[in-house]
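Dear colleague,

I am passing on a structure that will be new to you, with some notes on what was found in it. Please look at it first and then read on.

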Amino acid sequence: MKLEDLEGLKLILSKLYETLDMALDSNKAAGKAIVDVYRELDDSNDLSGRTLISLESYLGRLSLFDGFELTDEGKNLYKQIENLDQKYTTNISVNNAFNGQ
């Protein structure tokens, strides 16, 4: 991953985390997942193959089973994460569980 994309992803993850309401258990779980991915990122370490897809999938499962919802700003940030993931992987992305909400 290019350095500017890596730095951009770190910023997007930070902003996404800031949109969460930590009074809600589902958001706490989402926040932990976001922080875990953020901690995997540094200037010398590429993302392990499926890191972003795993995050997207986890957030999607939370939305289906635990009532997790992104704010409009969060949905935009999530889309940016998905776009970066697609830029660096050739595999088909998981379905975006937040489409149409």
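**Confidence and helix packing**

The protein chain of this predicted model has an average pLDDT of 83, and 80% of the residues score at least 70, pLDDT being the predictor's confidence in each residue, from 0 to 100. Residues are numbered from 1 along each chain as its sequence is written. Local features need pLDDT of at least 70 and side-chain atom pairs count only at pLDDT 80 or more, while totals for chains, interfaces and linings use all residues, and side-chain values use heavy atoms, with hydrogens and water left out.

Over residues 91-95 the pLDDT stays under 50, and where pLDDT is low, the predicted coordinates should not be read in detail.

Turning to the helices (DSSP runs of H or I, at least four residues, numbered from the N terminus), the axes of α2 and α3 come within 10 Å and cross at roughly 180 degrees, which makes α2 roughly antiparallel to α3 (an angle over 145 degrees). Axes here are lines fitted to C-alpha atoms, for helices over the stretch in contact, and angles run from 0 to 180 degrees between N-to-C directions.

Conventions
Contact = heavy atoms within 4.5 Å. Helix = DSSP H or I, 4+ residues; strand = E, 2+ residues; numbered from the N terminus. Parallel < 35°, antiparallel > 145°, perpendicular 65-115°, else oblique.
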